[in-house]
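Q: I'm new to this one. Could you walk me through one part up close, how a pair of helices sits together and what else is around there?

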Amino acid sequence: MTAKEADVAALAAGVAAGERRALARAITLVESGRADHRAQALDLLERLRGDDSPAKGRQALRLGLSGTPGVGKSTFIESFGLMLTAMDKRVAVLAVDPSSARSGGSILGDKTRMEQLSRDPRAFIRPSPSQARMGGVARRTREAVTLCEAAGFDIVLIETVGVGQSETVVAELCDLFLLLLAPAGGDELQGVKRGIMEMADLILVNKADGDLKPAAQRTMAEYAGALRLLRRRPQDPEGFPKAMCVSALATEGLGTAWTEIRTLADWRRAHGHWDARRAAQASHWFEEEVRQGLLSALTRDPARSRMADLGAAVAAGRLTPEAAAAELLSALS
Ligand SMILES: Nc1nc2c(ncn2[C@@H]2O[C@H](COP(=O)(O)OP(=O)(O)O)[C@@H](O)[C@H]2O)c(=O)[nH]1
Ligand SMILES: [Mg+2]
């Protein structure tokens, strides 16, 4: 065993033992763009899946959580997370944040709203990686989810800011998708895109407290109506997807939300939908890796210089664009 392999083996042991520092280092490793780190990251993930790893077969409940800025995601994660850790559950929080390149990571800035949870020894909060592009962030987040699972976390919360594209990505990472909404006037219903409604397993109308309570209840009723109009999905038992009211601030409705989540998760496990979804997600990420790998191969030699030569030939009229593309692609495959 080389020194590097021994390092990775030690890291795998640390992750499998549930050590938070080892987990943080492992996530940093999978997020790295360096080729040697990538090889180590793949080695690490393989070791954790291996027959002799204590982490083999561990599964967390992966919960996606989406909502526009200000609806109360951070406040919800704090309250909901603390409720779960008080039940002796271990909770990890990750983020897919398409805007983090500019803001420097949403969760990091929000740690003030997750003050207690971030100090809780049963919790692990990881800010979203900065700089990388959307696709890249999501691919590495999937690996981070896997690492949290291997570290024995019971629940992995994957937060995203609702901007359309990121929900689709998070839906490919989670077992259940929660959509957090704020109380609003009737015409706001159109503000949530149909495609996002169709992804939701549970719609939580937050801020159902004080003066906002009646508006929250109206909003909830409107969404419950809208959900009934959607096409029935095979992965849902009677009554799902569901809309309900919560207050993250007053910690109301969170226990009920947890019960609904477990009911749905148990039903899907019992009826084969859980495994089927994970299998479909694995295929999706395989294809995504291939696509991204091919795109990045185009930015490196020999493909890059071949592309430049062929591009010049096309510009000079010596080759048609189609013939040049076919030539490049056949060299790649
Ligand atoms: N009244 C009320 N305010 C809330 C609730 N949850 C969050 N807020 C407030 O809404 C604002 C945005 O919350 P935050 O958690 O940062 O939202 P995020 O941008 O989705 O992460 C803050 O001022 C919170 O105090 C709630 O349940 N009730
Ligand atoms: Mg926030």
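A: Helices α4 and α12 are roughly perpendicular to each other, a label for angles of 65 to 115 degrees (under 35 is roughly parallel, over 145 roughly antiparallel, the rest oblique). This is a predicted model, where local features need pLDDT of at least 70, side-chain atom pairs count only at pLDDT 80 or more, and totals for chains, interfaces and linings use all residues. Residues are numbered from 1 along each chain as its sequence is written, chains are lettered from A and ligands numbered from 1 in written order, and side-chain values use heavy atoms, leaving out hydrogens and water.

Helix α4 covers residues 73-86 and helix α12 residues 254-270; their axes cross at roughly 70° and come within 10 Å. Axes here are lines fitted to C-alpha atoms over the stretch in contact, with angles from 0 to 180 degrees between N-to-C directions. Helices are DSSP runs (H or I, at least four residues), numbered from the N terminus.

Who touches whom? From α4 come Phe76, Ser79, Phe80, Met83 and Leu84, and from α12 come Leu254, Gly255, Trp258 and Ile261; contact means heavy atoms within 4.5 Å. By class, that makes seven nonpolar, two polar and no charged residues, with Gly counted as polar.

Now for the ligand. Lys73 and Thr75, both within the residues 73-86 of α4, are among the closest of the 16 residues surrounding ligand 1, where near means a heavy atom within 4 Å. Ser74 has a polar side-chain atom 2.8 Å from an oxygen atom of ligand 1.

Key
Polar contact = N/O pair within 3.5 Å; in protein donor to acceptor, adjacent residues only side chain to side chain. Helix = DSSP H or I, 4+ residues; strand = E, 2+ residues; numbered from the N terminus.
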